[in-house]
Amino acid sequence: MVEGEEDGSPLFETEVAEGIGRIWYKLHALSVFVGICGIWAYRALHIPNAEEEQEQGQGRWWAWIGLFGAELWFGLYWVLKQAVRWNPTYRRTFKARLSKSIARVP
């Protein structure tokens, strides 16, 4: 092999997680998603009306808005995080190859 020539071997290996654990995680994620949608539906169906607000004051309305905003934010954040967790991959580096490639850097 000529000095400075790359041998073409990869510096890391990518593995896709497999097994029964992924199925259990997907079932768990599905149940959490159903729960989040249930909370959103409950909040949407139980909006405080104007007549109750005049009798009880504006505190109940602002509490409802705050809770609904927090639940909406949490739910959207959770859904976005599932994109990363749905199909987990692991990368394993080959330390011997990595140290050889670093030695070639001027």
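Over residues 61-80, what percentage of the chain is helix, what percentage is strand, and how far apart are the end C-alpha atoms? I looked up this stretch and found 100% helix and 0% strand, with the end C-alpha atoms 29 Å apart.

**Ground rules.** I noted that this is a predicted model, in which local features need pLDDT of at least 70 and side-chain atom pairs count only at pLDDT 80 or more, while totals for chains, interfaces and linings use all residues. Residues are numbered from 1 along each chain as its sequence is written, and side-chain values use heavy atoms, with hydrogens and water left out.

**Overall layout.** I read the elements as DSSP runs numbered from the N terminus, with helices (H or I) of at least four residues and strands (E) of at least two. The chain has four helices and two strands, and their order along the sequence is β-α-α-α-β-α. I then checked burial (buried is under 20% relative accessible area, exposed over 50%, partly exposed in between, with a 1.4 Å probe and protein chains only), and 13% of the 106 residues count as buried.

**Annotated stretches.** The unreviewed UniProt entry gives "transmembrane region" for residues 23-41 and 61-80; such annotations may be inferred rather than shown by experiment, and their positions are given in the numbering used here, with feature names shortened. Over residues 23-41 I again found 100% helix and 0% strand, here with the end C-alpha atoms 27 Å apart.

**Salt bridges.** I searched the whole structure for salt bridges (a side-chain nitrogen of Lys or Arg within 4 Å of a carboxyl oxygen of Asp or Glu) and found three. Glu13 and Arg92 meet in one of them, at 2.2 Å from N to O; this pair links strand β1 (residues 12-16) to strand β2 (residues 89-93), 79 residues apart. Glu15 pairs with Arg92 as well, at 3.5 Å, and this link between β1 and β2 spans 77 residues.

**Last entry.** I looked up Leu27 and placed it in helix α1 (residues 20-45), where Leu27 counts as partly exposed because its relative accessibility is 49%.
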